[in-house]
Amino acid sequence: MRIALYVLLCILWIPLFLLGYIFYVIPVYRSRGKVSGTTYEPFIGRLLYHLHGGRPDPAALQLSRGLPVTNSLVMATIFYPLVWASRITGYTPELLQYPLTDFSKFTSIMAARTQFLDTALDECIETGDQIVILGAGWDTRAYGMLRDKQVNIFEVDAPATQAVKRAALEKSGIDAAHVCFVSCDFNQNSWLDALKANGFSQQQRSFILWEGVTMYLEESTIIDTFKMVASLAPGSRIACDFFTREWFEGTKAGKATAKAISAQYGEPWIFGMPHQPDLESALGEYLNKCGLILVRNLMIGVETNGQAPVGGLLLAKTPA
């Protein structure tokens, strides 16, 4: 009954959702090729978890008021109605569920990567560490869960995307004085060199957070990034998410999703992790070749009878 009521409300609100979608895509299309649009995907996930109450992130709500796409019209016609429908009916769709325990479907990836990366940060960082958020986009961890930690925080991103982020932080009144912003084009320049030019120490233990980025880069850039992490101080770690190439190039669901993302944001998926003979073994071998050690991984989807999983998350460390 709850599911039926939720679906009924959503059907009745379709005109509202369509109106909101128009105001969502207009600023996306205006900035295509200059500012990353896909950075909204993980941000919206965290924003919805906050609105629904599963993962408090007041900084995400505050930042949404300064970003072009999550304007007040979009919030009022898409995000708030989705949450209201859930509260009215008592039914929580997977889109709003946090935390999750079932990671067997593609739709699990939003909650999965948030949980995995948050847990990795909680478990691994210590006082005095350097935290590097690569391809930071609209990530708000520096202004929420990391704000009171005694760590040095660096946000690295492409110049145009970072300029929008900094303007949104200022517009929404978020204090970012504790964050060092570093501009870098990952496909053209060394993010490590850019960091070192801004006070980063290669001899100090670091944690590299890399969310929602790997699928948009050339494999050579992925390998270079892992090798640069391997050159950092012992005990340094990197956590990131990924898709498998076999899934987004070889399955109907993967092909359809990749086409939809590329059509909306103009950012095609390029890189996918190998998964043969099994995902964990493939990840371990891939990271070892780059000088890193796999600590743990989380698989999204299923891996049976040669079926490719959607992808997953990994946490790797430098050798002692």
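**View 1. Surroundings of F79 in the nonpolar cores of the predicted model.** In this predicted model, F79 is in contact (heavy atoms within 4.5 Å) with I44, L47, L48, L51, T70 and V74, a list that leaves aside its neighbours within four places in sequence. F79 is also among the residues with the most contacts inside the largest nonpolar core, which has 73 residues; such a core is a set of buried Ala, Val, Leu, Ile, Met, Phe, Trp, Tyr and Cys residues joined through side-chain atoms within 4.5 Å, where buried means under 20% relative accessible area with a 1.4 Å probe and protein chains only. Helix α6 (residues 109–124) gives the most to this core, with eight residues.

View 2. Helices (H or I, at least four residues) and strands (E, at least two) are DSSP runs, numbered from the N terminus. The buried residues of α7 are T161, Q162, K165, A168, L169 and S172, and they lie on the same side of α7 because they cover an arc of only 120° around the axis, taken from the directions from the helix axis to the C-beta atoms. Their cover includes α4 (58–64), β2 (152–157) and β3 (179–183), whereas the face turned away from the buried side carries E170 and K171, both exposed (over 50%).

**View 3. H50 in helix α3.** H50, which lies in helix α3 (residues 40–52), is buried, with a relative accessible area of 19%. Not counting residues up to four places away in sequence, H50 touches R55, P56, D57, P58 and L61.

Residues are numbered from 1 along each chain as its sequence is written, and side-chain values use heavy atoms, with hydrogens and water left out. Because the model is predicted, local features need pLDDT of at least 70 and side-chain atom pairs count only at pLDDT 80 or more, while totals for chains, interfaces and linings use all residues.
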